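Open the model in your viewer and keep the selection panel at hand. This tour tells you what to pick next and what is there.

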Amino acid sequence: MKPARIVLNEPIAEDLYLLEIELVEPIDKEPKPFQFASLWIPRVKEIPLSISYAELERSRFRFIYKLRGRGTRALSETLSGSFLGVKIPLGRGIDLRELRGKKLLVVCGGVGIAPLPYLVRVCSENGYEVHVVCGFRTRQGVPPIDLVFPISPHSVHIATEDCSVGYCGDALTLAKKVSKSENFDDLIFVGPSFMLKKACEEFRDVDPMISLETLVRCGLGLCGSCYIRGSTKLLCVDGPVFRCSEVSEYLAGLPD
Amino acid sequence: MYLDIDVCGIHLRHPVMNASGILGSHREHIARLAAYGVSAIVTKTITSQPREGYETPIVIELPSGGVLNAVGLANPGKEAIHELVAEAKKFGLPIIVSIGGRDEREFVDVAIEAEKSGADAIELNLSCPHAKGYGIEIGSEPNIVRTIVREVSSVLRIPVIAKLGICDKLVTSASRALEAGARALTLINTVRAMYIDVFSAKPVLSNVFGGLSGPPIHPLAVRAIYEVYRELKAEIIGCGGVYDWRSAAEMILAGARAVQIGTAFIHGSGRKVVESILSGLREWLRILGLKSIYEAIGLAQRV
């Protein structure tokens, strides 16, 4: 658990916050895209959050989180300047070399946007092209894209289910449309579990990657709370990103 | 070089098993531990009823090395034992069911379920340092240890192992456990400890107190094994801070015939750790000119 100080903690859309922290002592290992952190709000609880952006030289890390329960609410009420504890980086994340090519379509629903800014940065530094499809329920849920992405993706397509911004519909439907009009080497989906399950069914022929969420407790591979049903994998050491085919039994057990 | 060894009549193909509390509470965990290459599976401590455990943080890595945990005996309850045992059998591995309880009645209740499910042995958790009413609170009192071990042993056919922790009367407790029917001892559990974050000025574990594990407790474990083996010549499974072949070899020289690994399996590193301990132990036995683990057990007692 590393001590860190909150630099910024403000709402950027309905129930969506942008948090920036600075570690008290630097770490020297560059995180990989989709690695995550577990933030300890003193005497409240720990909450696992995707790394949204990392600037190692300044020991700064960004997170985007949605108000969900006691932990995120307490975090949203924690002022700049306050100290937190952080376990970082957790998970395996993804190695760009395991992708099937350099042109990616990344599809997110809601707060699933969180890990994308850092993915885009690492991809752009390595000559990968990231095209983003983001779905939200309403206009109020859409965060300012320029603020979320310090490095711009190759393209950003927004969908809202209430048809107030961008494409009228959900992220998956828009993703199907985008992927028909253009070829991509690989697809990654980030969002609520019903969306991931549907994505694995609808894009079965390409076996896309999905970023899962399970209950993470210790984050260190010891307690086993985050085991992926029907596999020997633990989300906190092997995840959170898997190919659909690696976690089929888990997906089958999810509600539609 | 042969690494196989018998522990309370159970044949193990090598002396490295996992410590209780590391995975071991779901079917999937058993498969993962099997993939780590352990010679026997030890389950998470199971109580009669399911327990949620504590709020996070439940486990933290310490800056000084080692790990502090207070998971709160989270477990799926005795109904899950059957599935855990069946899964271990699929991999051809012996399974030791760790059992927790507030009193002898609860221990007996879970132990009977373990035997019915086909477990190879049970390990009585008489030493968890952070769950109120469980563990060390009862395990540091030799007469209570005797009562629990006796009640459980008298109704089981499978071997009973008593897991004891660091306390003033460890040798006495160990002796009572053996008199009461324990076939082996696991020494030691984590050691009650705490960690304070100096910036928020607050204890980090939600439970405030937890159990310290990892290399910092290894010398305590070696000492405990040495003392108990010297007095009682018992079958001992060493546990506490083993992370490489040397720390395992030290325990064997003190008197252990097998070791359990917990903290060193952090970040999913189990397979690598087990493999390197086994190859290191083989080489070590060769250097010492010993034919098997048996010849090394308690060798350091000859001083």
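**Stop 1**

Select residues 1-96 of chain A, which UniProt annotates as "domain: FAD-binding FR-type" in an unreviewed entry. UniProt positions follow the numbering used here, feature names are shortened, and annotations may be inferred rather than shown by experiment. The end C-alpha atoms of residues 1-96 of chain A lie 28 Å apart. This span is 7% helix and 52% strand. Helices (H or I, at least four residues) and strands (E, at least two) are DSSP runs, numbered from the N terminus.

Before moving on, note that this is a predicted model, where local features need pLDDT of at least 70, side-chain atom pairs count only at pLDDT 80 or more, and totals for chains, interfaces and linings use all residues. Residues are numbered from 1 along each chain as its sequence is written, chains are lettered from A and ligands numbered from 1 in the order in which they are written, and side-chain values use heavy atoms, leaving out hydrogens and water.

Now select residues 3-284 of chain B. UniProt lists them, in an unreviewed entry, as "domain: Dihydroorotate dehydrogenase catalytic". Here the end C-alpha atoms lie 11 Å apart. The span is 36% helix and 21% strand.

**Stop 1: where the chains meet**

Show both chains. The contact (heavy atoms within 4.5 Å) takes 30 residues from chain A and 34 residues from chain B. The area buried between them is about 2700 Å². Carbon and sulfur atoms give 61% of that area. Buried area is the accessible area (1.4 Å probe) that two parts lose on being put together, summed over both.

Which residues of chain B lose the most area to chain A? Pick Glu28(B), Arg32(B) and Phe199(B), which together make up 23% of what that side buries.

Next, look for charged pairs. A salt bridge is a side-chain nitrogen of Lys or Arg within 4 Å of a carboxyl oxygen of Asp or Glu. The rule finds 3 salt bridges across the interface of chain B and chain A. Select Arg70(A) and Glu55(B): their side chains meet in a salt bridge, 2.9 Å from N to O.

Color chain B by element. α1 (27-36), β5 (59-61) and β13 (202-203) of chain B each supply at least two residues of the side that touches chain A. The largest share, 5 residues, comes from α1(B).

**Stop 2: a salt bridge within chain A**

Over all chains, the whole structure holds 29 salt bridges. Zoom to Glu213(A) and Arg68(A), whose side chains meet at 3.0 Å, N to O. This pair links distant parts of the chain, 145 residues apart. Glu213(A) sits in the loop between β13 and α6 of chain A, and Arg68(A) in the loop between β6 (60-66) and α1 (70-76) of chain A.

**Stop 3**

Cys218(A) lies in the loop between β13 (209-211) and α6 (235-238) of chain A.

Find Thr45(B) in the loop between β4 (41-42) and β5 of chain B.

**Stop 4: backbone details**

Where are the cis peptide bonds on this tour? One joins Gly239(A) and Pro240(A), with omega about 5°. Pro240(A) is in the loop between α6 and β14 (241-243) of chain A. Another joins Leu187(B) and Ile188(B), with omega about 10°. Ile188(B) lies in the loop between β10 (184-187) and β11 (191-194) of chain B.

Finish at Phe34(A). This residue is not a glycine, yet has a positive phi of about 75°. Look for Phe34(A) in the loop between β2 (16-23) and β3 (36-41) of chain A.
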